[in-house]
Amino acid sequence: MTKQQGKDLVRAIKTAGKRVVIRHMIRFAILGLIMALALTTLIHIISFFLPIEAVWTLSLATLPLVLVFLIIGWILKPDTKEIALEIDKHGLQEKAITAYELSGREDVYARLQGKDTLDSLKAFNRKKISIKVNKLYYYVIIGLVIAISLLNIIANPMDDIIRDRKKVQALIDGELDKLHEYIDDIALEEELTQEQKEALKQELDDLAEKLKDLKDYREGLKEFSKTEEKLTEALEQIRKEKLDKLIDLLDDHDITGELADALEDGDSQILDQAIKEIKDKLADQKLGDQAKKDLAEALEGLAQGTGSRSLEEKLKSLIESLESGNDVSQIAEGLKEILDSQLETGQGSGDLKYSLQQLRNRLSRAIDDNEKIAHKGDGGKDNKPSGDGQGDGDGDDQGQANGDGQGQDGGDGNGDGNGDGQGQDGGDGNGDGNGDGQGQGNGSGQGNGDGNGQGSGIGSGATGYETIYDPSRLGDGGEESQVPGQNTGQGQIDSKDNMGLGNLDGYIPYGQVISEYEKEAVQSMNRRALPAGIETLVRDYFSSLED
Amino acid sequence: MEERIEDRIKGFKDTVLSIEDEIAKEMIGVKDIIHHVLIAVISGGNVLLEGVPGLGKTRLVKTLANVMDLDFKRIQFTPDLMPSDIIGTNILMQDDQGNRAFSFQEGPVFTNLLLADEINRATPKTQSALLEVMQEQAVTVAGKTRKLPKPYFVLATQNPLEQEGTYPLPEAQLDRFMFKLLIDFPSLDELDQIVNLTSKDKQEGAKRVIDGDQILMLKETASQVPIAKPVQEYALKIVLNTHPNKEMSNEWVDKYVRYGSSPRGAQAIIHGARVRALMEGRYNVSFDDIRDIAYPALRHRLFLNYQAVTEGLRPDDIIGQIIEQLDE
């Protein structure tokens with residue numbers, strides 16, 4: 001076979017075998033489509049067991065597989081030899097493949113065979129090569145399309161979970177907005193130094209950042225808790241610093257020395273007693289000039305260190321009263337109020353912490369609801385007790401606010417009151433109340449406020465989850481905690497219903513745990529901004545138990 | 001030189017067709033048999049013809065000898081036939097001077113075309129005497145080897161019905177036959193033609209078409225027909241598939257075959273396919289050639305087990321299954 005004959009032969013084989021290549025590519029395109037449909041089916045099936053939000057987005061993402069398969073098909077496209085073999089199947093009696101293999105040989109047979117093959121290829125009807133692919137491919141495609149359609153028609157239990165997750169996500173987004181508001185509010189805090197503000201702001205920023213890309217809501221809760229802990233530590237530090245400063249200031253003067261001692265001991269009764277003594281002395285006009293001077297200096301020192309313009313104004317007013325001798329009875333009360341406010345480490349920061357706690361509670365409830373749906377249908381396999389209870393207390397919550405109104409002298413006698421609410425829970429929960437007082441001021445600028453408290457009590461109802469007592473949560477208003485872990489459907493239920501506080505079935509002697517509880521309660525109070533009245537109530541409670 | 005070869009290649013088909021036509025003048029209804037006998041003869045192989053008596057086996061061989069202008073001898077195999085009766089023997093001869101010497105007396109195997117009629121009636125000992133003749137185309141007597149004339153072919157016949165007093169050919173003997181051809185009983189039309197032909201007073205006899213040397217040239221020409229690798233592999237796979245419990249064997253082979261074909265089976269297929277391709281006017285071997293030759297080349301090399309015999313299966317059934325299940 002001559003070289004030219006060889007070239008002509010290869011060209012003729014390729015020309016005759018174009019349809020072989022076309023069919024090959026069609027087959028790969030169909031294979032790619034089948035693969036994409038198969039993956040789509042798989043995704044849909046998985047979506048019945050796992051909550052996948054973007055099922056169709058993922059399904060559409062499989063379409064490029066067709067392109068991938070086309071590229072693979074092009075790479076693996078039949079070579080001349082394979083084409084020759086394919087052509088031979090259509091009546092060429094293996095002439096093409098033999099001629100192709102004889103390329104390079106120059107004997108009589110190679111020449112004769114090459115010529116014969118070229119003649120046959122010229123006469124070859126290309127349409128004999130069908131570009132149709134195996135019908136089985138089409139059946140598979142139809143089958144997969146039907147399967148996908150059916151999977152879309154059948155109600156997917158995961159849809160509810162996805163819907164609720166979206167709700168949770170929306171909630172998180174909302175809470176994120178609120179967090180940003182709190183961050184802005186911190187900047188307005190007058191009682192905090194710039195450094196402290198920056199530290200608190202940084203914590204909130206970090207939390208907001210973590211919540212933004214949240215995948216695991218439980219992790220979100222953890223982040224909330226971590227941030228709360230950090231804020232607590234930061235606020236405790238701030239409180240200590242302020243307290244030390246206050247003690248130093250009061251200790252410099254004889255008349256307020258006892259107040260300093262009371263503050264150092266942290267004994268509210270002694271503090272009240274010291275205030276009462278000053279009040280009595282002022283009322284009985286028993287204070288000498290030096291004592292009055294000391295008191296005025298102490299008040300002035302306090303005024304300089306408050307960092308709050310309103311408190312500063314009030315202190316100035318008290319100093320004026322002291323100097324003028326008018327309304328001296330109010331000086332002691334005013335002093336107490338100022339001390340209380342100073343000890344309550346930045347009311348704004350306390351609100352922030354409380355708000356964070358509320359955010360976490362809302363998020364926790366939303367996640368609980370979400371997981372309840374996820375566990376729906378597990379029935380007896382669930383190792384958590386099932387009940388018809390409600391997580392939120394339905395007790396009779398009554399909020400009582402004791403508000404002390406303080407009027408501002410606007411001439412029309414309207415005052416703004418700040419009230420501390422105390423909630424009483426008719427159920428098993430303890431309610432915390434924040435009251436907003438509205439005061440009515442008289443013309444002299446002093447108002448009496450009536451506080452309206454709102455209490456939010458959290459009761460201890462039976463829930464779908466095991467409710468346990470978690471000492472670290474004391475002071476959180478009796479919120480539910482849940483046992484972490486994964487339900488495998490195996491194992492035994494090792495929990496007891498109604499094993500809440502006060503129902504220990506006598507397993508643990510009360511004397512062994514009460515001190516721990518008290519310690520936890522005190523620590524919890526220290527971490528959170530609670531009204532002094534509540535603290536007293538808690539302390540009295542434990543004292544009574546010790547008795 | 002090349003032109004002569006080219007002419008020979010191009011004239012191959014016509015030559016063979018002429019031979020076929022001449023034989024067909026005396027043989028009715030065995031066109032396919034004639035075709036395969038010619039393939040075997042041109043390939044240089046021996047043929048075992050199996051059929052009931054009276055189907056023209058002997059006549060076919062005689063006609064073939066006439067058309068090819070070959071020396072022809074016939075041996076009627078019987079149980080008392082001795083090896084020396086067919087291959088020859090040394091006999092003591094005395095010349096005119098009274099000197100005595102052993103002289104080799106050639107047996108009937110010394111010919112071009114040997115008809116071994118009813119070969120299975122001879123004893124295994126006599127049958128074995130043909131082994132060297134068929135394979136080596138030589139005879140060794142008293143330590144002296146004598147070449148047989150070229151071309152040399154053995155065409156043996158056997159009767160499948162009368163099994164009493166017969167000695168089935170051993171595997172080694174069967175393997176020496178390139179093809180085993182089965183002659184069926186003629187159809188009504190063919191039988192009619194046979195009767196008419198033999199009742200004529202004057203028959204037109206088959207004429208000589210070629211001679212021995214030309215047959216050798218045809219053989220030489222056919223041996224160079226190119227075969228593509230996939231086609232050759234296909235033939236080899238068929239042979240490998242005949243072996244039970246091997247990697248390539250199929251369910252039927254595992255179940256019914258005792259022994260598969262020897263490598264001679266593969267050689268027979270390839271050689272036969274080459275001749276067939278030229279006879280079809282092609283210059284290359286096709287899958288069809290392989291499939292066509294596989295049956296006569298393998299049917300006597302496939303040894304079925306007892307289960308296959310009881311189920312009435314024949315080697316052709318197994319070969320058919322192998323071909324059906326094997327991809328090209």
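Colleague: How many salt bridges count between chain A and chain B?

Modeller: Please note that this is a predicted model. A salt bridge requires a side-chain nitrogen of Lys or Arg within 4 Å of a carboxyl oxygen of Asp or Glu. The side chains of A:R111 and B:E6 meet that rule, at 3.2 Å from N to O. Between chain A and chain B the count is one salt bridge.

Colleague: Which helix of chain A gives the most residues to the side that touches chain B?

Modeller: Across this interface, 10 residue pairs are in polar contact. Helix 5 (80–92), helix 6 (95–102) and helix 7 (108–122) of chain A each supply at least two residues of the side that touches chain B. The greatest contribution, six residues, comes from helix 7 of chain A.

Colleague: Which three residues of chain A supply 40% of the area that chain A buries against chain B?

Modeller: In this interface, 15 residues of chain A are in contact with 24 residues of chain B. The area buried between the two chains is about 1700 Å², and carbon and sulfur atoms give 63% of that area. The three residues that supply 40% of what chain A buries are A:Q93, A:Y109 and A:L112.

Colleague: What distance does helix 5 of chain A span between its end C-alpha atoms?

Modeller: A straight helix of 13 residues would span 18 Å, at 1.5 Å a residue. Just after helix 5 of chain A, A:Q93 takes a positive phi of about 55°. Between its end C-alpha atoms, helix 5 of chain A spans only 15 Å.

Colleague: Is A:E86 buried or exposed?

Modeller: The side chains of A:K89 and A:E86 meet in a salt bridge of 3.8 Å, N to O. Both residues lie in helix 5 of chain A, three residues apart, about one turn of the helix. A:K89 is exposed, with a relative accessible area of 53%. Because its relative accessible area is 14%, A:E86 is buried.

Colleague: What covers the buried residues of helix 5 of chain A?

Modeller: The buried residues of this helix include A:I83, A:A84, A:I87 and A:L92. Their cover includes, from chain A, helix 1 (3–16), helix 2 (18–46), helix 6 and helix 7.

Colleague: Why does B:I269 count as buried?

Modeller: B:I269 has its place in helix 11 (residues 263–279) of chain B. Leaving aside residues up to four places away in sequence, B:I269 touches B:A235, B:V239, B:I290, B:I293, B:A294, B:A297 and B:L298. Buried means under 20% relative accessible area. B:I269 counts as buried because its relative accessibility is 0%.

Colleague: What is the relative accessible area of B:K180?

Modeller: B:K180 lies in strand 9 (residues 177–182) of chain B. Residues that B:K180 touches include B:L48, B:E50, B:Q158 and B:P296. B:K180 is buried, with a relative accessible area of 14%.

Methods. Residues numbered from 1 in each chain as written. Chains lettered and ligands numbered in written order. Predicted model: local features only at pLDDT ≥ 70, side-chain atom pairs only at ≥ 80, totals over all residues. Heavy atoms only, no water. Contact = heavy atoms within 4.5 Å. Buried area = accessible area lost by both parts, 1.4 Å probe. Polar contact = N/O pair within 3.5 Å; in protein donor to acceptor, adjacent residues only side chain to side chain. Helix = DSSP H or I, 4+ residues; strand = E, 2+ residues; numbered from the N terminus. Expected span 1.5 Å × (residues − 1). Buried < 20%, exposed > 50% of the residue type's maximum accessible area, 1.4 Å probe, protein only.
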